[in-house]
There are 2 protein chains.
Amino acid sequence: MTDSQSPRAKLIDGNAFSAALRDEIATRVHELRDLHHVVPGLAVVLVGEDPASQVYVRNKHKRTLETGMNSFEHKLPADTPESHLLTLIEGLNDDPEVHGILVQLPLPRHINAQKVIEAIRPDKDVDGFHPWNVGMLASGGIGLIPCTPLGSMMLLRDTLGSLSGLKAVVIGRSNIVGKPMAHLLIRESCTVTVAHSRTKDLAAEVRAADIVVAAVGQPEMVKGDWIKPGATVIDVGINRITLPDGKTKLVGDVKFDEAVQVAGAITPVPGGVGPMTIACLLRNTLTACARLHNLDIPEAHPWA
Amino acid sequence: MTDSQSPRAKLIDGNAFSAALRDEIATRVHELRDLHHVVPGLAVVLVGEDPASQVYVRNKHKRTLETGMNSFEHKLPADTPESHLLTLIEGLNDDPEVHGILVQLPLPRHINAQKVIEAIRPDKDVDGFHPWNVGMLASGGIGLIPCTPLGSMMLLRDTLGSLSGLKAVVIGRSNIVGKPMAHLLIRESCTVTVAHSRTKDLAAEVRAADIVVAAVGQPEMVKGDWIKPGATVIDVGINRITLPDGKTKLVGDVKFDEAVQVAGAITPVPGGVGPMTIACLLRNTLTACARLHNLDIPEAHPWA
């Protein structure tokens with residue numbers, strides 16, 4: 001079949017969307033500086049030398065500076081005692097130049113990650129992992145929302161408009177993506193099913209859904225014939241696989257080549273949800289800054 | 001058809017289960033007193049004279065005393081200023097005799113209920129409504145769990161044993177029942193669907209479910225032919241309806257007479273979930289007391 005004969009889903013372009021969002025954030029940052037003499041600041045803490053984490057932290061730093069915000073990097077050796085890290089966080093909690101604090105996960109094993117998350121002031125917790133923020137999201141209050149689900153929801157709203165009454169399935173029940181994503185979808189009045197490794201007939205759950213959010217970290221697990229024709233597919237997975245020729249390739253949790261023939265719209269990997277995460281981190285930092293200064297500025301992408 | 005020919009669901013006896021749970025709690029309370037010289041104390045705050053709330057508070061007081069715990073009642077006039085209520089809560093937060101604090105809802109309109117909920121120390125918040133506890137439940141941590149979902153889950157576990165892999169539908173997305181119930185079911189490895197007023201085909205969602213939790217407050221909304229044969233039905237609704245003869249009657253959210261012919265097990269109304277709520281409030285008070293005193297006692301019904 002040629003392309004013109006194939007039914008092909010609309011590609012949801014996370015690169016373009018996140019670039020526009022970052023531009024919008026930069027505009028707001030400049031307004032804040034010019035009108036209120038406030039510069040939002042993001043502090044990122046990295047413990048140890050995990051190569052992937054180093055790449056993430058470097059990208060965050062670069063993107064933060066590009067919007068005109070301050071970026072504060074704290075790189076600590078892998079053997080940093082937990083108490084040292086907690087003291088650093090206390091200092092950042094009290095630092096008026098810092099509006100967002102992110103501790104890069106995973107942390108070395110000798111550090112209790114939950115304790116570290118709970119040490120961050122909830123109103124500076126731009127990852128949205130503190131129990132206060134988790135609770136505010138679950139109960140419909142105003143807090144800070146985890147970046148990847150927030151970015152996924154922005155793409156969904158941009159693609160579909162109102163989600164009210166649509167049937168959504170979230171595959172995966174992690175605290176970082178699956179559960180907060182379910183709350184965002186419930187808030188948007190979707191009928192939401194949370195599926196996971198214990199789900200008996202995952203294909204049937206997916207087939208019933210108008211919206212599929214895949215967040216399991218299993219390369220190409222969701223097959224094309226599981227997708228309801230016309231459904232919107234958000235692929236949160238980023239998995240590196242080795243091809244027969246020994247080269248590696250990034251793939252999502254969805255078998256893209258199959259799904260793109262069935263879905264109404266789909267995020268590619270890379271270039272879908274991925275770039276939204278940092279953009280939403282910057283948005284959360286701007287939001288936190290405005291709230292900490294009691295400034296009622298128009299939020300970049302006010303949806304959430 | 002006579003009864004012997006009809007397929008009839010097992011009745012889930014919340015009266016018997018809650019009485020046994022209260023006995024177990026009383027045993028633990030006496031152990032705490034004898035071994036550790038600690039008496040758990042529950043403070044209940046009632047603002048105004050809502051008749052239903054007065055009945056609830058009276059029942060809580062009676063049941064608390066029956067287990068050997070201390071019960072502290074604070075009845076305030078309907079025009080109590082919010083600041084006065086917040087000052088009272090601060091005092092209860094600091095009172096070493098008080099291990100559980102419950103502010104009876106609804107509150108008069110001039111009082112911001114969310115502000116009041118957030119004023120209660122999370123480790124004394126035996127209703128489990130504080131954002132911290134909501135967040136701990138959502139993220140799989142250890143907090144205090146709202147009483148009605150906790151009681152519903154105890155009945156489910158008692159009826160079914162392991163719930164892993166079962167398909168559950170929760171009808172209703174309230175912060176008090178629907179959303180925490182969904183989290184408890186996810187934690188038990190069910191595939192969980194949250195349905196609500198915007199759900200397009202509620203009957204189809206219910207028909208697919210092995211476990212149905214109805215928490216919408218709509219009398220007899222869930223029909224018998226929506227129930228999958230053999231499913232377990234937990235009816236959280238308590239609605240008073242007026243019969244043609246002018247008398248009133250309590251009914252659930254499920255059309256019981258129909259559903260009992262199809263379901264495998266079902267809670268009646270009254271006598272199902274209802275009596276579990278106070279029993280779980282007492283359990284949460286005991287749990288909070290043990291944690292506040294760093295006592296590692298066996299919990300009454302340690303499941304949750």
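Residues are classed by relative accessible area as buried (under 20%), exposed (over 50%) or partly exposed (in between), computed with a 1.4 Å probe on protein chains only. The structure is a predicted model, in which local features need pLDDT of at least 70 and side-chain atom pairs count only at pLDDT 80 or more, whereas totals for chains, interfaces and linings use all residues. Residues are numbered from 1 along each chain as its sequence is written, chains are lettered from A and ligands numbered from 1 in the order in which they are written, and side-chain values use heavy atoms, with hydrogens and water left out.

With a relative accessible area of 27%, Asn70(B) is partly exposed. This residue belongs to strand β3 (residues 70-76) of chain B; helices (H or I, at least four residues) and strands (E, at least two) are DSSP runs numbered from the N terminus. Contacts are defined by heavy atoms within 4.5 Å. Apart from neighbours within four places in sequence, Asn70(B) contacts Val39(B), Pro40(B), Gly41(B), Leu42(B), Thr64(B) and Glu97(B). The C-alpha atoms of Asn70(B) and Asn133(B) are 24 Å apart in space, the two residues being separated by 63 residues in sequence.

In chain A, helix α5 (residues 131-139) packs with helix α7 (residues 178-187) at an angle of about 30°, and the axes lie 8 Å apart. Axes are lines fitted to C-alpha atoms, for helices over the stretch in contact, and angles between N-to-C directions run from 0 to 180 degrees. The pair α5(A) and α7(A) is therefore roughly parallel, on a scale where angles under 35 degrees count as roughly parallel, over 145 as roughly antiparallel, 65 to 115 as roughly perpendicular and the rest as oblique. Met136(A), Leu137(A) and Ala138(A) form the α5(A) side of the contact, and Pro180(A), His183(A), Leu184(A) and Arg187(A) form the α7(A) side.

In chain B, His183(B) is placed in helix α7 (residues 178-187). His183(B) is buried, at 8% relative accessibility. Residues up to four places away in sequence being left out, its contacts are Lys179(A) and His183(A) of chain A, together with Leu137(B) and Ala138(B) of chain B.

Helix α6 (residues 147-160) of chain B has 14 residues, which at 1.5 Å a residue should span 20 Å, in agreement with the 20 Å between its end C-alpha atoms; the expected span is 1.5 Å times one less than the number of residues. Ten of these 14 residues are buried, so α6(B) is largely enclosed by the rest of the structure. The elements covering the buried residues of α6(B) include α1 (14-36), α7, β7 (211-214), β8 (232-235) and α10 (274-292) of chain B.

Of the 19 residues of α10(A), 14 are buried. Asn294(A) follows α10(A) with a positive phi near 50°.

Over all chains, zero disulfides (pairs of cysteine sulfur atoms within 2.5 Å) are found. For Cys147(A), the nearest cysteine sulfur is that of Cys280(A), 6.2 Å away. Cys147(A) is buried, at a relative accessible area of 5%. For Cys289(A), the nearest cysteine sulfur is that of Cys147(A), at 16 Å. Cys289(A) is likewise buried, with 0% relative accessibility.
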